Protein chains: 2
Amino acid sequence: MTSMPPEERIGSHIKRAEQALLAAKTTACKPAAVTVPQYAALLWLAEKPGISAAALARLCGVTAPTMNTVLKNLHERGLVERTPHEWHRNVLETRLTPEGRAAMELADAGAVRVERALAAAFSPEEREQLVALLGRCAEVLDALK
Amino acid sequence: MTSMPPEERIGSHIKRAEQALLAAKTTACKPAAVTVPQYAALLWLAEKPGISAAALARLCGVTAPTMNTVLKNLHERGLVERTPHEWHRNVLETRLTPEGRAAMELADAGAVRVERALAAAFSPEEREQLVALLGRCAEVLDALK
DNA sequence: TGCCAAGCATTAGAACCCTAACTACTCTTC
DNA sequence: GAAGAGTAGTTAGGGTTCTAATGCTTGGCA
């Protein structure tokens with residue numbers, strides 16, 4: 001009595017691929033003892049040292065409170081340090097510690113391995129198609145908001 | 001110093017599409033006052049009344065403890081009922097209540113609306129391509145496990 | 001000068017999701 | 001009949017995610 005069978009729902013295929021991706025990245029990040037969101041934050045921090053938590057949240061596609069908890073966990077483990085900004089007393093500048101950089105590089109090696117394996121499964125044209133089609137998905141769904 | 005730019009990572013495009021999908025479905029489920037995972041559980045329960053929580057978890061692609069918490073929330077709100085199985089005393093049969101069915105139908109209307117809008121953005125050939133490419137993604141990533 | 005909008009950080013509360021571990025029951029096999 | 005395998009349910013604990021709300025600082029504007 002269902003109005004639309006699961007197989008015909010494009011969303012279920014997107015979700016399935018994303019689940020597999022998350023699982024693969026989780027195991028890839030395991031040697032570094034960080035989670036996937038933690039790795040994402042560390043990766044952006046390596047590229048933009050001293051960024052604010054709010055800006056980092058935007059880059060990672062999460063909300064500020066979410067990034068707050070991620071950074072809290074990273075800070076408790078000594079992977080990042082947070083120092084007050086010179087002028088904007090309210091802003092905390094976040095940076096990688098040496099341990100944080102090491103963890104990021106270890107996790108990145110695993111993540112890149114996953115990405116390379118994924119990319120290797122497609123021809124350059126297929127890759128381009130896939131990215132384009134996914135982009136249109138995001139566009140349509142965002143417009144639906 | 002990053003080994004691979006984000007734009008070249010197929011995974012980031014998959015994640016982006018999935019995020020947009022989740023956001024769209026979340027708003028679509030809002031009139032029924034259920035979350036997306038709750039809607040997924042209700043949808044399968046409508047199709048397979050009396051299913052066990054473990055089997056439902058497998059259908060929804062989550063673990064048994066996760067489904068346990070989802071069902072607990074649904075049960076507290078009176079959307080599902082759970083009765084002991086006749087023979088297998090250990091099994092709890094889960095069924096929709098009338099309120100649960102109403103919520104499912106309301107949420108399903110919104111979810112189908114999202115799926116139709118998504119499908120309308122592609123030609124039949126493109127749709128087929130997208131599903132095939134996503135399937136290959138899941139396959140490759142699962143093999144990586 | 002003083003007010004106010006904007007941005008940053010944080011807390012609280014709810015929900016989801018996982019792994020790990022434990023308990024209970026059924027069914028098969030010896 | 002009894003041991004073991006398999007399945008179901010649950011608890012515990014850590015982590016991520018959201019919305020809503022609060023407090024703080026800064027900079028623009030009257």
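## Basis

The model is predicted: local features need pLDDT of at least 70, side-chain atom pairs count only at pLDDT 80 or more, and totals for chains, interfaces and linings use all residues. Residues are numbered from 1 along each chain as its sequence is written, chains are lettered from A and ligands numbered from 1 in the order in which they are written, and side-chain values use heavy atoms, with hydrogens and water left out.

## Surface near DNA strand C

A residue is near the strand if one of its heavy atoms lies within 4 Å of it. There are 24 residues around DNA strand C, and A:Ala54, A:Asn90, B:Thr35, B:Thr66 and B:Asn73 come nearest. By type, the surface holds 10 nonpolar, 11 polar and 3 charged residues; Asp, Glu, Lys and Arg count as charged, Ala, Val, Leu, Ile, Met, Phe, Trp, Tyr, Cys and Pro as nonpolar, and the others, Gly among them, as polar.

Helices are DSSP runs of H or I with at least four residues, and strands are runs of E with at least two, numbered from the N terminus. At least two residues each come from α3 (53-60) and α4 (64-76) of chain A and from α2 (36-47) and α4 (64-76) of chain B. The most is given by α4(B), with 4 residues.

## Backbone contacts of the DNA

Sugar or phosphate accounts for 73% of the atoms of DNA strand C within 4 Å of the protein, and bases for the rest.

Polar contacts here are pairs of N or O atoms within 3.5 Å. Phosphate oxygens of DNA strand C lie 3.0 Å from a polar backbone atom of A:Ala53, 2.9 Å from a polar backbone atom of B:Thr63 and 3.3 Å from a polar side-chain atom of B:Gln38.

Methods
Polar contact = N/O pair within 3.5 Å; in protein donor to acceptor, adjacent residues only side chain to side chain.
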